[in-house]
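Subject: Structure handover

Hello,

Here is the structure you asked about. Please open it alongside this note; my findings follow below.

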Amino acid sequence: MPEPKKPGAKGQKVEAPPADKPAEDDEGRDELPEDEHVPGEEPQMSQISGLLVEKPQSVTAIKGKNVTFVAKVDSSQMLRKPTMKWLKGKWMDLGSKAGKHLQFKETYDRNTKIYTYEMTIVKVVDGDAGGYRCEVTSKDKCDSSTFEISVEAAEETQQTNILEAFKRSGDAGEDAGELDFSGLLKKRERKQKEEPEIDVDVWEILKDAKPCDYEKIAFEYGITDLRGMLKRLKKMKKVEPKKSDAFLKKLDPAYSVEKGKRIQLNVELADPNAQVKWLRNGQEIKPSAKYIFESVGGIRKLTINKCTLADDAAYECVVGEEKSFTEVFVQEPPVTITKMLDDVHVVVGEKVEFEVEVSDEGANVKWMKDGVELSRDGKYRFKKDGKKHWLIINEATTEDIGTYYVYTSGGESKGELDVEEKELEVLQSIADLTLKAAEQAVFKCEVSDEKVTGKWLKDGVEVIPSNRIKMTHTGRTHKLVIDDVKPEDAGDYTFVPDGYALSLSAKLNFLEIKIDYVPRQEPPKIHLDTTGSFVNKNTIIVVAGNKLRFDVDITGEPPPTVSWKKGDTEISEAEGRVRVETRKNLSCFVIEGAERSDEGLYHITVTNPAGEDKADVMVKIVDVPDPPENVKCTGVGEDSASVQWDPPKFDGGVPVKGYLMERKKKGSSRWTKLNFDIYESTTYEAKKMIEGVLYEMRVFAVNGIGMSQPSASSKPFMPIAPTSEPTRLTVDDVTDGTCALKWLPPERIGAGGIDGYIIEYCVEGATEWVQANETPVEKNSYRVRGLPVGEKMLFRVTAVNIAGRSPPAVMAQAVTIREIVERPKIRLPRQLRTKYIKRVGEKVNLVIPFQGKPRPVVTWLKDGAPLDTGLVNIRTSDVDTILFIRQAAREHSGQYTLSVQIENMEDKVNLEIQIVDKPGPPIAITVTDVWGFNAALEWKPPKDNGNCEIIGYTIQKADLKTKEWFTVLEHNRRPSCTVSDLVMGNEYTFRVFSENICGMSDDAGISKNTAVISKTGLQQNLQPYKEKDTSSSPKFITPLVDRSVIAGYSAAISCAVRGFPKPKIIWMKNKMIIGEDPKYLMQNNQGVLTLNIRKPSLFDGGKYTCKAVNALGEDEVECKLEVRVITEKEAAKK
């Protein structure tokens, strides 16, 4: 690897010389051969169009520092903007890795029409080393350039001045603090972790592993360049290809496709008629619009349309027991920013919106401020609509000033936020006051911001609130109220808003009046008007939410002081929801938006020097009632349901008149009213419902004020009716103490289904029914146990489901509980009424049912003797007996007798079982006569006939010269035959096979003597055959022809060759051997050679050579292939 030049400083941009001035090679650089390239680096693409006017250069980067690569594209001859891709290795698209570590920038110069593309790697790490490539495309033009990054560790600077190593702690100066000798400690250089060398054993493991395990093995052995590993592994597999009986051409180890594009996987089979299965992550793929299967001869194709990230998986093609594996990588295109951020200028408290637009609707973006990622913490909100994204700050403050960034996988943008302080406006200033003693002083001002607080000052000293001096802040209004003004209250009063350089001032002047007369005094009096809002004496009713204003006339001299209290709490005259407004001879009690908490007894007290008066007023708040509670379903029918609820806890102060009900189906949002007239009861039966459908109910309470909120929905319930009664209840069996019953399901079951059955019994004449089973039984039969012997019993069966029990099915007549005697009877199956034949080694399993009560005694005999249970297995139940032989043998043949006996009653049957096998060979095979072209044979039957009749013989002959056997007769039933059409001059021997129902014998009987067919007439002496030598060196009889093809359309070039032995064919492009590249398909049909090129591109043009080689020599032909791109004019003509 040549040593590239190092950049001068951190962050320095690395630029290459223009394309027309190639950089000079460094000294000592070894040139690579034409057919090789730098490991880890793809061969540079042909510069067909020369779009790149400035290319990035290879560099050696310092670890931890930044490095920038620059590429410039001339767009003066382009109709549209070019597309730039930065790649690492063979196909890793770096656009999807954009972020803090990788940053991309794009600029355009309108004067020179040059696009400048920059890629910056921030803080280089060891993993950034390797080969890189930039590709630029624009319609039918393309260009690329490769470069490489080497990473070196940062050099440690040596401490040259040892005195500088002495430091003193603290910041006071040279002589302050203690000496710190840590600077003299020896620094150890950290050794860089060398990448582990790939051991040969690792490649042996990879060659035997499945493609889906490549990534796991690479991680385990520390291989970081997965793409380079796959490329090297592919070359290794070319050297030692693994032979496959089913596949002529397997899948490549890996494929790469961009998201949204189409990809095609191809295999070639040895058997064109073989069936294949395609698997994805082990699951079989079915044909669909997305997955298309194609079969052309021995080629099988799988096409995946519109690839998504879910298609990034391991794929297999299975033919019989053989499999071909591959892995598909789906690359997600980088998301770019189409509309950049704008700078925003707002005032404190205003709403801020940063808007950006990206290239993909499903893309995610990352917002950052001054290098810190923003999250949803209440201050920031993120909004997304299609391709547009917003960052929203509801109320801006000065702390939000800064630079905001938005990042995508393929770009970034930034915007500045500037927040100005909001000016405070004075809507109403305070005014000077001149007051007399005992009067009230009110200073009032209004500012533009209701959140602003402030202080009140008197002659520059802050005013302290007391019982006489009160300060209030309501909305934008600030008040200072001084009751019972005194001479010392005179002075300058100032209001100063917090945080603003602003102040409002006014003066309070005290007017002193001397009184030389004695004023008239009159005791205070409260005059309540009971004809207005009063329902009864001193009681006012107010609807919740309404406003109450109650005016009380007051008389007295001097004017009395009014006090309103609720309990011990005094109601102030300050502004608020509950307040008191005092005027001359009038006191107004005001409640804005009455609430339940306002209800109670209020006390009015008026006082002056002449006396005191009191009165009480009762305020009652009425409202709509609370919602009803505990709505629940208490019972269901086939199309109805009973619903019950509790009255509301609070009736609103007015009696509840009734209720309104609604219902809906579960999962629906549409409620249906059940009654329009008020329903007074707390139980209701809803009708006209659909059986088997889940419903929910809710209830509204109604009083004189209005209707309450709806109650909580009831638990879902389903109208279900019990089933009809079971049918055809009968007695199946009766024994001492038990009775077996059976029945059929009900005729009408309904949506509730059947959970089981309940069986009950009682003594005839009694009325008490006893349940026989604790839990419902699911079967349609049941045996009732523990019944009294000799009693007559009645039985009934009831079906049970979620709606309850059905009507019972009752037995029409009573059943007497006693044992019933039934004669034994064997019911021999039809196939056992004749001889039962089985082959040796087969399984024998005979089930013979019988009947009889009580349970009969079963006995087996063989040939009149007791059956040996060591040879034959016997299993007997209440209703049948089973004879079982695991592997039949000859000794199992014979006559079997089955006896079923109850007391002195008995039934017998005989079974004939015959176990057969293949026969032995015939014996004493003799050629008894030979005449002309015929021979007569005779033999004796075999000693072992396989325990069955011989049904024929098969005769074969063989010439002693060739010793090949040919069948001359089959199924010959007699122990003799005549063989005809023998060849004169040959000597024959014969063999015979015997045959029975099991087949032919394994061995044959050989004839003791032979049959010689004598020659007659003249003999011809033939000359020995001399084979002609057809060996020849390869010679092309049809050459290759120069061709011009259109890019994107498959093409083929052909020639013909002859030669013996069959020559080896080698295809080359530009003198480079074409290997197992999936782009090329090479065929050889009886010497006609064809090279198929799938969808050629501009890079596939060049000189192609076909070379034929055998042991006698070699020959070659060549042609030129031109690939041209169809222009818009040519396309329009077509």
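Among contacts in the protein with a separation of 6 or more, 62% join residues 24 or more positions apart. This is a predicted model. The protein has 1134 residues, and 37% of them count as buried. Strands number 91 and helices four.

Confidence comes next. The average pLDDT is 82, and 87% of the residues score at least 70. Two stretches need a separate mention. Residues 1–48 stay under 50 in pLDDT, and the model gives them 81 contacts beyond four places in sequence. Residues 157–200 are also below 50, with 30 contacts beyond near neighbours in sequence.

Now the core. The largest nonpolar core has 26 residues. Those with the most contacts inside it are Phe-69, Val-73, Met-84, Trp-86, Met-119, Ile-121 and Ile-149. Which strands supply at least two residues each? They are β3 (59–62), β4 (67–74), β5 (83–88), β7 (102–109), β8 (114–121), β9 (130–138) and β10 (141–152). As a general point, nonpolar side chains in soluble globular proteins tend to be buried together.

Leaving out residues up to four places away in sequence, Ile-121 touches Lys-65, Asn-66, Val-67, Phe-69, His-101, Leu-102, Asp-128, Tyr-132 and Ile-149. Phe-69 and Ile-149 are also among the core residues with the most contacts.

Leu-846 has Leu-883 in β71 as its bridge partner.

The other open sheet has five strands, ordered β32-β39-β38-β34-β35, and its pairing is mixed. Here β32 (433–436) and β35 (461–462) stand at the edges. Each again has a single partner strand, so one side of each has no neighbour in the sheet. Strand β34 (residues 454–458) and strand β38 (residues 491–497) pair in the antiparallel sense over five bridges. Lys-455 stands opposite Val-496 in β38.

What about disulfides? The structure holds zero of them. Cys-998 is in no disulfide, and the nearest cysteine sulfur, that of Cys-948, is 5.2 Å away. Is Cys-998 buried or exposed? With a relative accessible area of 9%, Cys-998 is buried, because the cut-off is under 20%. Cys-142 is buried too, at 13%.

One glycine to finish. Gly-611 lies in strand β49 (residues 611–622). At 26% relative accessibility, Gly-611 counts as partly exposed. Leaving aside neighbours within four places in sequence, Gly-611 is in contact with Pro-524 and Val-606. Gly-611 and Gly-556 are 55 residues apart in sequence, with a C-alpha to C-alpha distance of 9.0 Å.

Best wishes

Conventions
Residues are numbered from 1 along each chain as its sequence is written. This is a predicted model: local features need pLDDT of at least 70, side-chain atom pairs count only at pLDDT 80 or more; totals for chains, interfaces and linings use all residues. Side-chain values use heavy atoms; hydrogens and water are left out. Two strands pair if DSSP finds at least two bridges between them. Buried means under 20% relative accessible area, exposed over 50%, partly exposed in between (1.4 Å probe, protein chains only). Contact means heavy atoms within 4.5 Å. A disulfide is a pair of cysteine sulfur atoms within 2.5 Å. A nonpolar core is a set of buried Ala, Val, Leu, Ile, Met, Phe, Trp, Tyr and Cys residues joined through side-chain atoms within 4.5 Å. pLDDT is the predictor's confidence in each residue, from 0 to 100.
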